[in-house]
Amino acid sequence: MALITFTNKGIYCGKGGFYIDPWLPVNLAVTTHGHSDHVKWGNKAYLCHELTKPILDQRLGEDLKVETLPYGREITINNVKVSFFPAGHVIGSAQVRLEYKGEICVISGDYKIEDDGISSPFEPVRCHTFVSESTFGLPIYKWQPQAAVLDKIRDWVSDNQDKHKTSVLIAYSLGKAQRLIKGLTGYSDLYVHQSISNLNERLIAAGVDLPETIRIGPDLKKEELQRGIVIVPPALAEGRWIKNLIQPATGVCSGWMQVRAGRRWRSADAGFALSDHADWPGLLSAIEATGAEKVYVTHGYTATFSKYLNESGVPAEEVKTQYGNEETEEKEVLS
Amino acid sequence: MKRFAELIQQLETSNKTNDKIAALVDYFREADDRDKPYVIAMFTGKRPKRPVNTALIRQWALEASGIPDWLFAESYHSVGDLSETIALILPPPEKLQDRKLHEWIQDLALLKDKTDEEKKWFILDAWNSLETQERFIFNKLISGNFRIGVSSKMLVNALARQSDMESSKIMHSIMGKWQPAEITYQDLVAGSHVNTDNSWPYPFCLAYALEAEPAALGAPGDWQAEWKWDGIRGQIVKRNGELFIWSRGEELVTAQFPELHFLLDELEDGTVLDGEILSIKDGYVQAFSVLQQRLNRKTISKTQLNTAPIGFYTYDLLEHKGADMRFETLAGRRSLLEKIAGGLKTTGVVVPSPVVRFEDWSHLARLRESSRDLNSEGIMLKKLDSMYHSGRKRGDWWKWKINPYTVDTVMIYAQKGSGRRAGYYTDYTFAVRDGDQLITIAKAYSGLTDKEIKEVNSFVLKNAVEKFGPVRTVKPELVFEIAFEGIAESKRHKAGLALRFPRIARWRKDKKADEINTLDDLRQLLQSTL
């Protein structure tokens with residue numbers, strides 16, 4: 001029997017009797033990271049990285065049974081060795097390494113290769129079986145270095161300030177928001193939506209070094225926001241709140257902004273291709289570094305990406321999961 | 001080219017007309033004067049001859065990027081634009097070149113006579129020295145196909161603001177015949193080339209759709225009513241012994257309609273007529289599907305000349321004895337038009353579009369109900385004291401169309417869209433029932449809100465039955481009401497008929513797939529229009 005199987009509840013480790021990122025309630029959910037398409041409410045117990053716990057506390061509630069593990073430490077569940085390695089996706093994101101009788105399987109959840117300065121950088125792990133995402137699994141997706149994208153954002157903000165426009169950046173509250181805060185601190189005052197500041201408070205309490213931001217509240221004047229940078233989650237992107245600011249200019253930060261159609265679809269004033277997922281070269285280099293004999297592709301351009309891997313001599317298979325819907329999930333969380 | 005790339009980015013990232021105009025004004029203020037005529041040519045659809053064909057460009061891009069052909073095709077489906085796909089899949093540039101837009105365009109034009117090897121060297125070298133956004137522009141320069149949501153009206157407004165000239169004059173000037181390599185920006189906006197050119201048409205005056213009841217327009221006596229014809233809007237220009245026929249798409253279609261060539265002998269020099277090119281037989285306007293047999297053909301057969309003879313219902317007189325008539329009143333222009341048309345020796349081919357006489361608005365509403373019997377689409381209302389405007393202007397001209405035909409269909413295929421809609425399943429194929437089978441009847445991709453598109457998109461993802469390349473077969477469950485303007489026999493379609501301008505009228509969430517229309521319903525409709 002294989003170490004993992006793909007069931008209607010999620011990725012299942014039969015030998016260990018636990019699931020990884022299940023979407024239906026189970027006894028033990030080993031959790032790669034805190035995005036809500038990877039972790040659901042209702043499991044009897046959770047095992048995650050220690051920095052994912054504050055995220056679960058904030059998003060799912062504090063009365064859950066959550067065990068934590070730092071990167072690199074190994075525990076054993078029913079004779080299966082379980083350990084976490086950094087996935088570089090968001091704060092606390094982990095690749096789950098499973099080992100049983102010398103057979104190694106790594107479930108990577110979501111990952112990116114570039115060091116974003118805020119999440120522990122991705123570490124390749126040698127394994128026999130690798131479970132990969134392929135959110136940006138097409139050769140049209142090649143990211144520019146983060147520093148270059150941040151420069152573009154700063155130029156855009158400065159241009160907005162010249163024109164007396166309010167700069168509003170649209171970014172996921174977990175991941176992109178912290179990255180922007182870290183990258184843009186000191187350039188301008190940062191005003192963040194409460195869904196972001198609530199999360200940040202938990203992360204800071206857990207020991208994450210996050211720069212200071214200002215929580216957006218009713219007592220803030222629009223003129224103050226106009227001079228700074230406003231960061232809000234996607235759920236607010238098309239709402240009235242932004243329209244009521246002084247000459248708002250919206251900038252969406254997302255890998256989808258790489259393509260013109262993506263930029264126009266979002267009808268934002270600017271698009272910045274900044275992603276927490278690996279780009280095409282990133283996916284290929286990560287998979288090569290694992291030395292895996294078999295790759296399962298869980299979400300994104302699964303058909304295309306697995307076909308390409310097979311043609312390049314890496315046996316790969318697409319599997320149906322319910323991952324890959326961060327944005328709508330995030331909207332549910334907010335509403 | 002950097003400045004131009006910046007302009008494109010600004011135009012694409014804003015959806016507010018004022019921002020776009022401001023970006024254009026800035027561009028025409030700052031850019032190199034030699035670049036500007038090329039940019040105006042591009043934005044008004046004047047394309048140079050393609051120096052290199054698409055197949056070669058695609059092949060070289062595959063070689064340079066080292067990806068397989070099928071993966072390129074997948075990428076293209078996701079991006080929705082060939083030039084952009086190529087710009088994105090190529091490896092990063094190894095060097096950087098900063099050249100002027102017009103230099104690139106001129107070099108590309110010179111490629112025409114080079115060997116494929118020389119062309120390839122030039123293209124690969126360019127790709128290797130440009131960043132993604134500029135590469136995209138460069139690829140667009142090769143294809144000459146630049147569509148970025150700048151209407152000629154918008155461009156003209158920007159040029160007018162930048163140069164302080166009257167916008168109708170600029171519209172005039174850029175619509176005529178000129179070559180970007182042979183004209184300076186100043187001469188172009190000043191229109192110094194226009195007088196020497198016999199062919200230039202006037203900008204068409206366009207009507208807005210009437211949304212309210214016509215009673216809101218005031219006294220019926222102030223208005224002239226005409227039938228709204230469903231043909232090709234055209235302008236006939238006769239100057240200095242030459243005859244030109246322009247379509248509304250700013251295309252010269254003179255050769256396609258020999259029936260109108262008698263005007264060369266019978267129309268006075270310095271005359272410009274606005275009207276509708278129609279197929280008219282024995283004094284009756286035929287359905288658009290009949291006219292269609294005559295469009296875009298290099299040669300016309302005798303049978304076609306017999307079954308689909310061309311006529312011209314003229315609406316307006318724009319130029320008379322060389323003088324611009326557009327600022328006269330409609331009433332004045334009309335009576336002169338009737339005199340000119342009445343003076344033609346060849347009768348029954350070029351005639352004034354009949355005026356619909358009516359007592360009051362309710363009378364006109366009743367007359368409008370009979371539009372379809374005449375193969376007309378409804379009523380046009382024009383104010384008797386109105387001048388002939390450039391483009392669309394609210395208030396003086398209204399189109400009061402009859403409601404379209406509709407048919408209830410079920411969605412059976414879905415495909416990802418291109419352009420703004422790339423990445424979502426937005427292009428659908430619809431079927432009607434034929435016995436126990438479903439038979440494809442139309443493809444449509446507009447008429448849904450973004451929210452509905454997302455809903456359908458997730459339905460497609462969950463209910464895809466089969467994949468054929470980019471196309472997904474889906475469970476026949478979602479019922480859509482399709483609106484269309486006409487119906488014609490068609491040998492190329494399995495159903496044996498084709499709908500004209502099909503679009504989604506609404507999503508009938510209240511209906512089930514067994515409640516849709518049948519092919520017989522449509523056949524009956526077809527018979528009734530012939």
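Select domain 1 and domain 2 of chain A to begin: 22 residues of domain 1 of chain A are in contact with 23 residues of domain 2 of chain A, where contact means that two C-beta atoms, placed from the backbone, lie within 7 Å. H10(A), one of the helices on this side of domain 1 of chain A, gives the most to it, with 5 residues. By class, the side of domain 1 of chain A that touches domain 2 of chain A has 9 nonpolar, 6 polar and 7 charged residues. Here Ala, Val, Leu, Ile, Met, Phe, Trp, Tyr, Cys and Pro count as nonpolar, Asp, Glu, Lys and Arg as charged, and the others, Gly among them, as polar.

**Before you go on**

You're looking at a predicted model, in which local features need pLDDT of at least 70, side-chain atom pairs count only at pLDDT 80 or more, and totals for chains, interfaces and linings use all residues. Residues are numbered from 1 along each chain as its sequence is written, while chains are lettered from A and ligands numbered from 1 in the order in which they are written.

**Chain A, by domain**

Colour domain 1 of chain A over 5–140 + 277–334, and domain 2 of chain A over 146–272; such bounds come from an automatic or database domain assignment. The C-alpha centres of domain 1 of chain A and domain 2 of chain A are 28 Å apart. On the domain 1 side, helix H1 (53–60) and helix H10 (326–334) of chain A each supply at least two residues to the side that touches domain 2 of chain A. Helices (H or I, at least four residues) and strands (E, at least two) are DSSP runs, numbered from the N terminus.

Now colour by pLDDT, the predictor's confidence in each residue, from 0 to 100. Chain A averages 92, and 96% of the residues score at least 70. Select residues 328–335 of chain A, though, and you'll find pLDDT below 50; beyond near neighbours in sequence, this stretch has 15 contacts in the model.

**A loop with two asparagines**

Next, pick A:Asn78, in the loop between strand S7 (74–77) and strand S8 (80–86) of chain A. What is its phi? Phi of A:Asn78 is near 45°, a positive value in a residue other than glycine. Most residues other than glycine have a negative phi. A:Asn78 is exposed, with 12 other C-beta atoms within 10 Å. The cut-offs go like this: a residue is buried if 20 or more other C-beta atoms lie within 10 Å of its own, exposed if 12 or fewer, and partly exposed in between, with C-beta atoms placed from the backbone.

Step along to A:Asn79, in the loop between S7 and S8 of chain A. Phi of A:Asn79 is positive too, near 70°. A:Asn79 counts as exposed, with 10 C-beta neighbours inside 10 Å.

**A buried glutamate**

Jump to A:Glu318 in strand S19 (residues 316–318) of chain A. Is A:Glu318 buried or exposed? A:Glu318 is buried, because 20 other C-beta atoms lie within 10 Å. Leaving aside neighbours within four places in sequence, A:Glu318 is in contact with A:Val297, A:Thr302, A:Ala303 and A:Ser306.

**Across to chain B**

Show both chains: 23 residues of chain B are in contact with 17 residues of chain A. On the chain B side, helix H1 (2–13), helix H5 (69–79) and helix H6 (82–89) of chain B are the elements that give two or more residues. H5(B) has the largest share, 5 residues. The side of chain B that touches chain A has 7 nonpolar, 10 polar and 6 charged residues. For the complex, the predictor gives an ipTM of 0.91 and a pTM of 0.70.

Chain B is divided into domain 1 (2–143), domain 2 (205–401) and domain 3 (405–529). The C-alpha centres of domain 1 of chain B and domain 2 of chain B lie 40 Å apart.

**Last stop: H16(B)**

Finish on helix H16 (residues 330–342) of chain B and select B:Leu330, B:Arg333, B:Arg334, B:Leu337 and B:Ala341, which are buried. They sit on the same side of H16(B), because they cover an arc of only 100° around the axis, the arc being that of the directions from the helix axis to the C-beta atoms. The buried residues of H16(B) pack against strand S3 (223–229), S8, strand S10 (350–352) and strand S12 (376–383) of chain B. Turned away from the buried side are the exposed residues B:Ser335, B:Lys339 and B:Gly342.
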